[in-house]
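Subject: A structure for you to look at

Hello,

Here is the protein I promised to pass on to you. Please open it and have a look around, and then read my notes below.

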Amino acid sequence: MAEETMQFKTELEQLLHLITHSLYSHREVFLRELISNACDAIDKVRFEGLNNEEILEGHSDWKIFIKADEEAKTLTISDNGIGMSRDQVIENLGTIAHSGTKAFLAKAKEADLANNPELIGQFGVGFYASFMVADDVTVVTKAHGEDAVKWESKGTGSFTLSDADKADRGTEITLHLKEDAAEYLNEWTIKSTVKKFSDFLEHPVVMCTTKKDEETEVEEEIEEQINTQKAIWLRPKSEITDEEYGEFYKHISHDTNSPAETIHYNAEGAIEFKALLFIPEHKPFDMMMNNDPKAHLNLYVQRVFISNEFDNLLPGYLRFVKGVVDSSDLPLNVSREILQENPMLDKIRKNLTSRILKTLANMKKTDYEEFQIFHENFSAILKEGLQTDWENKEKIAELLLFESTAKDAGEKTCFDDYVERMAEGQEEILYLAGENRASIENSPYLEKFKADGKEVLLMIDPIDDFVIPQLFEFKGKKLKAVNKGDIEEDKEKLKEEEKQFEGFIGFAKELLDGVKEVKLTTRLKDSAAVLVGDEYSMSPHIEEMMRRMGQEVPPRESVLELNPEHAVVKKVQALYDTDQKDPKVATLTKLLHDQAVIASGAKLTDPAGFAARLNEVLAD
Ligand SMILES: Nc1ncnc2c1ncn2[C@@H]1O[C@H](COP(=O)(O)OP(=O)(O)OP(=O)(O)O)[C@@H](O)[C@H]1O
């Protein structure tokens, strides 16, 4: 194959520019990225080799080598992993920018990349970190049954591909270090960097040095393993420091912060496995960027990495949890597809789920401040479980925090505390969903409950309106949205008035669009009118949000409830009784409806009509 020069994709070029120019102070991460790629490559070939020994080509003494050449000013990282074919090299290291790259670039500016070096690793761009320290990078690689190929680039617009001499499967990456990166030729620097980032890696990372025998003057190659290679999750808890847990968490999550909680345990009994899980404190960058609804834990079987793609290891609503599960009960010599079907995975999932929920419950009890931060970041995801995990619904609900009419703005409460405070004789947990506290705390829907001294939870997370109704009840207490369906009415009180209002109500129903029923209510104290949706309908503010997002929302049919004690309602009814044809009756009736629409959080369909009506009344 003749030498061929190819151009990087535009995004990749921008990315390289960013990496080389903004990450100066965290350059050492390049070594972690390259070692981690080598480790992945070994995992891949080892796994494939379980079912196809041929691919191993007799080389399964897994190792990652690091060699520095002071004279040539090169640092070489090599592995006997899966290697890459020519096409794979082009795809992985060149023309096809990873799907997240664009999003990464867009966010990188805001995210202060210089202070968050972990961000690099999150979008499959880890390899390019090499260009922080090297002005020329050469990759020589060979996959099983393929010719060896050489990739070379200066990280500026293009790369070249050519044939290479390499007999064995694997990849060798040579960095021609920049003048100011010569420190990475230093044995001590390399060793301490590897120890810091990769000590727990499962495969040996070996430093190769040459020493001259003083007597014979013969150069001798010395191999020295740098990492202790102890899979951290297999070690006893008592021996692991917080720093070690933290480093490992950062390694698997690409988060820059330490985790909020670490869960490390051995499950024994019906199924045996070891789990090391982390609950992040803040939303990691990748989570903000993509909406992958699946959870990804790293699954190992007998210390062999299998996959992080299994979506039945952890329910999607716990996808913020990062970690490792290692089971010796699962079969090793089967394909991923067959393993994915193994019923043991369901058992593991149940166990992990219960453990995580327990940990969160404990965190809420013992470290409420930390829990609040967690809640702020992840409750919207956690709440999905109300819809998908019926078995654990109540446990999830126990973890949720809400604003409340009984608390000041910003201060939250939970269902359990609400139930404790419930007024005597109160059967239902009352709530109102809305866009924000300010828009609902003076809502007409709350008037009756305020007057009766009943607390109403104020739910201002957009997902609440979708998932809270799915909960139906909490510890035997029904949940009730105060803006939907009927509420307890003082029927006796309304009896007389209903007779009196009968004609007007029929008229209003005929007149108003989108109103399926008009009735009198005792739920209002100061307000004249309110719109009430069906028990399981979407709240108007959610419909508005969906419309803004370009989604079609079916026309809403609500019930208009009128306060017969209100002066305006009384006035319109009296006008109607005096002269049904008086145009003022229609104008005022429509205005009652208009104000109910506004108070419900919906948008007026005819704002100009509203303004005209208002002016007509004001000018009167
Ligand atoms: N030593 C290697 N052996 C085989 N393939 C490799 C090696 N290094 C990189 N690759 C391939 O190149 C791809 C791109 O590597 P890069 O480090 O940029 O991203 P990544 O490893 O996919 O993502 P991340 O860094 O977030 O783990 C890898 O997915 C892998 O397929």
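Predicted model: local features only at pLDDT ≥ 70, side-chain atom pairs only at ≥ 80, totals over all residues.

Residues are numbered from 1 along each chain as its sequence is written, and side-chain values use heavy atoms, with hydrogens and water left out.

Now for the rings. The structure holds 22 aromatic pairs; rings of Phe, Tyr and Trp (its six-membered ring) pair if their centres lie within 6.5 Å, and planes under 30 degrees apart count as stacked, over 60 as edge-to-face and the rest as tilted. In one of these pairs, the ring centres of tyrosine 249 and phenylalanine 278 are 5.2 Å apart and the planes stand at 55°, so the pair is tilted. Tyrosine 249 belongs to helix α6 (residues 242–253) and phenylalanine 278 to strand β11 (residues 273–279), so the pair ties together parts that are 29 residues apart in sequence. Tyrosine 249 is buried too, with a relative accessible area of 0%. Both residues belong to one aromatic cluster, formed by Trp233, Tyr245, Phe248, Tyr249, Phe278 and Tyr300.

Histidine 593 is buried, with a relative accessible area of 13%. Which residues is histidine 593 in contact with, leaving aside its neighbours within four places in sequence? They are Leu512, Asp513, Val515, Leu531 and Leu560, where contact means heavy atoms within 4.5 Å.

Finally, zoom out to the whole protein. Its secondary structure comes to 21 helices and 23 strands; these are DSSP runs, numbered from the N terminus, with helices (H or I) of at least four residues and strands (E) of at least two. Along its principal axes, the C-alpha trace spans about 120 × 55 × 40 Å. Of the 620 residues, 51% count as buried. Among contacts with a separation of 6 or more, 72% come from residues 24 or more positions apart.

Enjoy exploring!

Best wishes

Key. Buried < 20%, exposed > 50% of the residue type's maximum accessible area, 1.4 Å probe, protein only.
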